[in-house]
Amino acid sequence: AMHPLVRDLYKRVLIVGKDYPGGLDQVRRKAKEWFLENRELTDDVEIKRSIARGRWYVRNELTAVIQFKKYRVMRQRYS
């Protein structure tokens with residue numbers, strides 16, 4: 001069974017990934033790779049550490065790429 005926090009992180013990745021420049025399919029594929037890399041984790045501390053790293057990635061990296069994409073689109077439209 002999947003840890004509830006892991007499921008929540010996966011949902012966050014997919015929600016944020018809808019606006020990702022590469023498309024949701026690319027985000028889903030990469031997320032699946034990341035989650036499968038850590039599937040053998042059983043220690044709660046390690047699981048929570050990985051979840052914190054994943055949340056940081058969603059909050060900072062993915063949203064930054066999306067904001068940059070939106071900025072470029074807006075700049076193209078108005079210049």
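The side chains of Asp25 and Arg28 meet in a salt bridge with an N to O distance of 3.6 Å, a salt bridge being a side-chain nitrogen of Lys or Arg within 4 Å of a carboxyl oxygen of Asp or Glu. This is a predicted model, in which local features need pLDDT of at least 70 and side-chain atom pairs count only at pLDDT 80 or more, while totals for chains, interfaces and linings use all residues. Residues are numbered from 1 along each chain as its sequence is written, and side-chain values use heavy atoms, with hydrogens and water left out.

**Salt bridges**
- A search of the whole structure finds five salt bridges.
- Asp25 and Arg28 both lie in helix H2 (residues 24–37), three residues apart, or about one turn of the helix, helices being DSSP runs of H or I with at least four residues, numbered from the N terminus.
- Asp25 is exposed at 54% relative accessible area, whereas Arg28 is partly exposed at 34% (buried means under 20%, exposed over 50%, partly exposed in between, with a 1.4 Å probe and protein chains only).
- Asp8 forms a salt bridge with Arg55, with the closest N and O atoms 3.1 Å apart.
- Because Asp8 lies in helix H1 and Arg55 in helix H3, the pair ties together parts that are 47 residues apart in sequence.
- Asp8, Arg12 and Arg55 are linked in a network of salt bridges.

**Helix H3**
- A kink of about 30° in H3 is centred on Tyr57, the bend being the angle between axes fitted to the seven residues ending there and the seven starting there.
- The buried residues of H3 include Ile47, Gly54 and Leu62, and the buried residues of this helix pack against helix H1 (4–17), where contact means heavy atoms within 4.5 Å.

Methods:
Helices (H or I, at least four residues) and strands (E, at least two) are DSSP runs, numbered from the N terminus.
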